[in-house]
Amino acid sequence: MRPGGASAGSAQTGQQHADHLWRHTDPKPSYDAVVVGAGGHGLATAFYLAKNHGITNVAVLERGWLAGGNMARNTTIIRSNYLWDESAAIYEHALKLWEGLPEELDYDFLFSQRGVLNLAHTQQDVRDSRRRVYANQLNGVDGEWLTPDEVAKVCPILNVSPETRYPVLGATYQPRAGIAKHDHVAWAFARQCDQYGIDLIQHCEVTGFLTSGNRVTGVRTTRGDIAAGRVAMTAAGHSSVLAGTLGLRLPVQSHPLQALVSELLEPVHPTVVMSNHVHVYVSQAHKGELVMGAGVDSYNSYGQRGSVHVIEQQMAAAVELFPIFARAHVLRTWGGIVDVTPDASPVIGLTPYENLYINCGWGTGGFKATPAVGWVMAHLVATGTPHALNEPFGLDRFTTGALIDEHGAAAVAH
Amino acid sequence: MLLIRCPWCGDREETEFGYGGQAHVAYPPSAEQLSDDEWAQYLFFRDNPKGPFAERWVHAAGCRRWFNAVRHTVSNEFISVYRPGEKPAGGAA
Ligand SMILES: Cc1cc2nc3c(=O)[nH]c(=O)nc-3n(C[C@H](O)[C@H](O)[C@H](O)COP(=O)(O)OP(=O)(O)OC[C@H]3O[C@@H](n4cnc5c(N)ncnc54)[C@H](O)[C@@H]3O)c2cc1C
Ligand SMILES: [Zn+2]
């Protein structure tokens, strides 16, 4: 992306970009609300602050470039087939928002509801998957259990033969799931924020907070102090670093998560396929690349790269499941830093500091939640109280023990 | 892939090792007297620094012994590796 924001019209998508989607502003001395981090979550928070609550004297501060973090690194899978009621509620709220978002943001970011298959390879996988489908159905989330033959009908290039090392014993299928072009989603939010008069400020790192007793009154940045009525932290993998400046410990660990794309191929892969057990997830981008994600590296890191053996394992699994991928060349690989919680669910809510609200711990799965995060964070910032959708996800659950254990549905080994 | 020095076996590839997270997290001495908050800290909260980090590794596909290391979480440089009960060289952690 060049500094002016989006690139000019791109032939492969048909999307015409304006020459500029947002202004480049210098920080003002004070705002009603400051959002830390211009990833999808931060931008969506600012957007719904304006749209749902009429709060527009807002700045979004970004240490790097807009949406250059995990927002531009993820494999763009959107689904809501999580196990627990709390998760189903927030992810399904997100999916419903996604369904209206291109219109709401007036931007065609290629949201494509091509469905997702979550494969089962062991008897325990089968039982857990079926349980999740029943739970989804009870929660009004579309989902069904497919036998191997039915799986092959949805995705003919998938190898469902019983001869593989970990045969496909079936899959859950969520037809409304899909993918979207992640950077375009960010730009769509950014353009709307800009039109509301919200300042999007890049290359402005928040290095600490201004406080008065137990109240946060602003942020310290590499471009000077900025007073803020309210502060929303949406810093993804770097949340502990930032919270650490207040002496606040978070129940998150930052790990590298990698993805890669192949060279461009003609359309071969009609849906999204994920496998927890052999650990790969694959879809085909609109342009034609196979987009593949792996598991996290085991160790903590902020290095934005991961180990080659993780990619090797993921590719071995992909080739076994999709024999026709065997001759595809890898075009590029990259890593992002994801913040993982002990129960594989995010933290969204209040902090011990008044006027400081936190959203973090989305681990490997926060892209799909982007609009819902914006929705509930805007509510938090505007009203000072959690929205019903994010109330169960507060920091206090680690003390009360009311964990929301989504390791089985979060789908990336961590 | 990282090259990791097991204090007993020497340099081996990362795939031979398992990761154990933060090192030197002692079991609370009088666990039954902890408040819920303190118990939560022990169970669920770990340091997550951007910089030197004292952590545990197990040489799972080698001597199968646990050891400690101080590694920089941005460069991945291993500043020291040391056996249980030992102190890291340079006094970090
Ligand atoms: C390889 C990979 C694959 C993934 N695949 C999927 C997927 O298929 N589906 C899915 O739902 N999710 C996926 N995810 C997870 C998803 O990308 C994240 O959960 C989500 O993007 C996190 O929210 P965000 O967009 O705000 O984060 P980010 O885009 O990372 O935003 C945080 C921003 O905060 C900025 N920041 C940090 N510290 C500071 C500071 N001190 N001051 C100012 N700015 C700061 C960062 O530079 C960054 O731009 C994947 C992630 C990775 C890495
Ligand atoms: Zn050894």
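**A salt bridge and its surroundings**

Author: Let's start with Lys51(A) and Glu104(A): they form a salt bridge, with the closest N and O atoms 2.8 Å apart. A salt bridge here is a side-chain nitrogen of Lys or Arg within 4 Å of a carboxyl oxygen of Asp or Glu. Lys51(A) sits in helix α1 of chain A and Glu104(A) in helix α2 (residues 85–104) of chain A, so this pair links distant parts of the chain, 53 residues apart.

Before we go on, a word on what you're looking at. This is a predicted model, where local features need pLDDT of at least 70 and side-chain atom pairs count only at pLDDT 80 or more, while totals for chains, interfaces and linings use all residues. Residues are numbered from 1 along each chain as its sequence is written, chains are lettered from A and ligands numbered from 1 in the order in which they are written, and side-chain values use heavy atoms, with hydrogens and water left out.

Back to our pair. Lys51(A) is partly exposed at 39% relative accessibility, and Glu104(A) is partly exposed too, at 24%. Buried means under 20% relative accessible area and exposed over 50%, with partly exposed in between (1.4 Å probe, protein chains only).

Eleven of the 14 residues of α1(A) are buried, so the helix is largely enclosed by the rest of the structure. Among those buried residues are His41(A), Leu43(A), Phe47(A), Tyr48(A) and Ala50(A). Just after α1(A) comes Gly54(A), with a positive phi of about 70°.

Ten of the 14 residues of α8(A) are buried, including Thr370(A), Pro371(A), Met377(A) and Val381(A). What follows α8(A) is Gly384(A), whose phi is positive, near 75°.

What about the other salt bridges? The whole structure has 15 of them over all chains. In one, Glu289(A) pairs with Lys287(A), the closest N and O atoms being 3.6 Å apart; Glu289(A) is buried at 6% relative accessibility, whereas Lys287(A) is partly exposed at 37%. There's also a network of salt bridges linking Glu92(A), Lys96(A), Glu99(A), Asp142(A) and Arg176(A).

Over in chain B, Asp11(B) bridges to Arg5(B), with 2.8 Å between the closest N and O atoms. Asp11(B) is partly exposed at 38%, and so is Arg5(B) at 47%.

The two chains meet as well: 24 residues of chain B are in contact (heavy atoms within 4.5 Å) with 25 residues of chain A. They bury about 2100 Å² between them, 50% of it on carbon and sulfur atoms. On the chain B side, Phe44(B), Phe45(B) and Asn48(B) lose the most area to chain A, together 32% of what that side buries. Buried area is the accessible area (1.4 Å probe) that two parts lose on being put together, summed over both. The count of salt bridges between the chains is one: Arg249(A) with Asp47(B), closest N and O atoms 3.0 Å apart.

Last stop, the zinc ion (ligand 2). Cys6(B) (SG), Cys9(B) (SG), His59(B) (ND1) and Cys63(B) (SG) coordinate it at 2.0 to 2.3 Å. Cys9(B) lies in the loop between β1 (3–6) and β2 (10–13) of chain B and Cys63(B) in the loop between β4 (52–58) and β5 (66–72), so this pair ties together parts that are 54 residues apart in sequence. Donors are N, O and S atoms within 2.8 Å of the metal (3.2 Å for Na, K and Ca), and sites may look incomplete without water. The angles between the four donor atoms run from 105 to 121°, which makes the arrangement tetrahedral.

Terms used:
Helix = DSSP H or I, 4+ residues; strand = E, 2+ residues; numbered from the N terminus. Tetrahedral: all angles 85-135°; square planar, octahedral: opposite > 155°, others 65-115°.
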